[in-house]
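Here is a friendly walk through a two-part model, in question-and-answer form. Have a look at the picture, then read on.

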Amino acid sequence: MKYYCLEEFKAEFERLIKKKSYRSLERDMIEAFFDKSIGELRAGTRLNNSSEAPFIKKRVGGSGGFRFYYYLLIDRERLYFLFVHPKTGPLGSENITDESKAYIYKGVLEAIKVNELYSVEKSSDGKSLQFRSFQS
Amino acid sequence: MVIESTIEQIDQTLAQVLEASFREKKEGFGSERRVNQTLDAILDLKSAIERKTDKVNAINCQLEALTWLDSLDEPSLTKINEIISLSRDLRTSLLRFAAGFDLLNEKGVAKAEIAMFKEAIDDLKEDVQDLESRFFFLPQLPDFEETTRQLSLI
C-alpha cells in the first residue's frame, strides 16, 4: 500500500501534533493505517457509492480520539488521507458537515488531477511519519 | 473476703462488656452484610451498564456496516430511514438512562463503565448522522456523485 495526503491533511496534522492533547495522533495513525490489510483499511463508515474506491471515515484512538477521512483505491493499493479532526480537546469537533465532506472528497480529485500530493511514509524506526511532496 | 461493692463493680463491668461485645458482634456482622449487599449492587450495576454498552456498540457496528450497501431501492431506503429515526429514539432513551447515573458518577461509582456507556451513546449519534449523510444528504449535494464518477475515470 502506498500512502498519500492532501496539503490540507498535512497542514491539519502538523497543527494538531503541536498540541499536547493530540500527541498520540502520529502513533495512532501509524497503528491504524500502516502494515494493514485491505480488509482492515476498508473498516469504517463508507461515505460514497463505490466499494472499489471507497471514501471512508474511520474512528481512530477510540470514541474520543480522531476521525480520519480517506480515499482508498483498492486495486491500485493507494490510500489518500484527506482530512483528520479530533473528537475532543481544544480543537475537537463532534462531526463535520456534509458540505465539508463533499468538499474534501472533491479535493482529492483535484489534487490527483494536478499532482499536488504528498507521499506519507513511516520513518526507518517506524515511530514517526514523513511527508514528501510527491510528483508522479 | 471481697467486699460486696467490688463484686458489684466487677459484675457491672462484666455486664457492660458482655452487652457491648454482643452488640458489636451482632451489628458488626450486620454492617458487614450491608457493605456486601452494597458492593454486590454496585457490581450488578456495573454489569448492567456494560451489557447496555455492548448492545449499543453492536448497533453502532451494524449502522456502520449499512453504509457499505449498494444499489438500494426505494423500500430499502425507507427501511434505512426508519432505522435512522428509531436509532435517534433509542439514543434519547439511553441519554435519559445515563442521566440517572450523574450522582453515582460524581461519587466515583462505576465511573469507567458510565464513561464507556456515554461514549457508546456519542458514537451512536455520530453513526446515525453518517448513515443519513451516506444515503440521503451527500448524494443530493451538487458534485458529490460527479466526483465519484470522475475519480473512477482517473
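Q: How many helices and strands are there in chain B?
A: This is a predicted model, where local features need pLDDT of at least 70, side-chain atom pairs count only at pLDDT 80 or more, and totals for chains, interfaces and linings use all residues. Residues are numbered from 1 along each chain as its sequence is written, while chains are lettered from A and ligands numbered from 1 in the order in which they are written. Helices (H or I, at least four residues) and strands (E, at least two) are DSSP runs, numbered from the N terminus. From that end, the elements of chain B run α-α-α-α-α, and the count is 5 helices and 0 strands.

Q: What radius of gyration does chain B have?
A: The C-alpha trace of chain B spans about 120 × 30 × 20 Å along its principal axes. The radius of gyration is taken over C-alpha atoms, and the globule rule is 2.2 Å times the number of residues to the power 0.38. A compact globule of 154 residues would come out near 15 Å, but the value for chain B is 31 Å.

Q: Why is chain A as compact as a globular protein of its length?
A: Chain A has 4 helices and 7 strands, and its C-alpha trace spans about 35 × 35 × 30 Å along the principal axes. The globule rule gives 14 Å for 136 residues, and chain A is as compact as a globular protein of that length because its radius of gyration is close to this, at 14 Å.

Q: Which element gives the largest share of the side of chain B that touches chain A?
A: Residues are in contact if their C-beta atoms, placed from the backbone, lie within 7 Å, and the contact takes 24 residues from chain B and 22 residues from chain A. On the chain B side, α4 (111–137) and α5 (144–153) are the elements that give two or more residues. The largest share, 9 residues, comes from α4(B).

Terms used
Contact = placed C-beta atoms within 7 Å.
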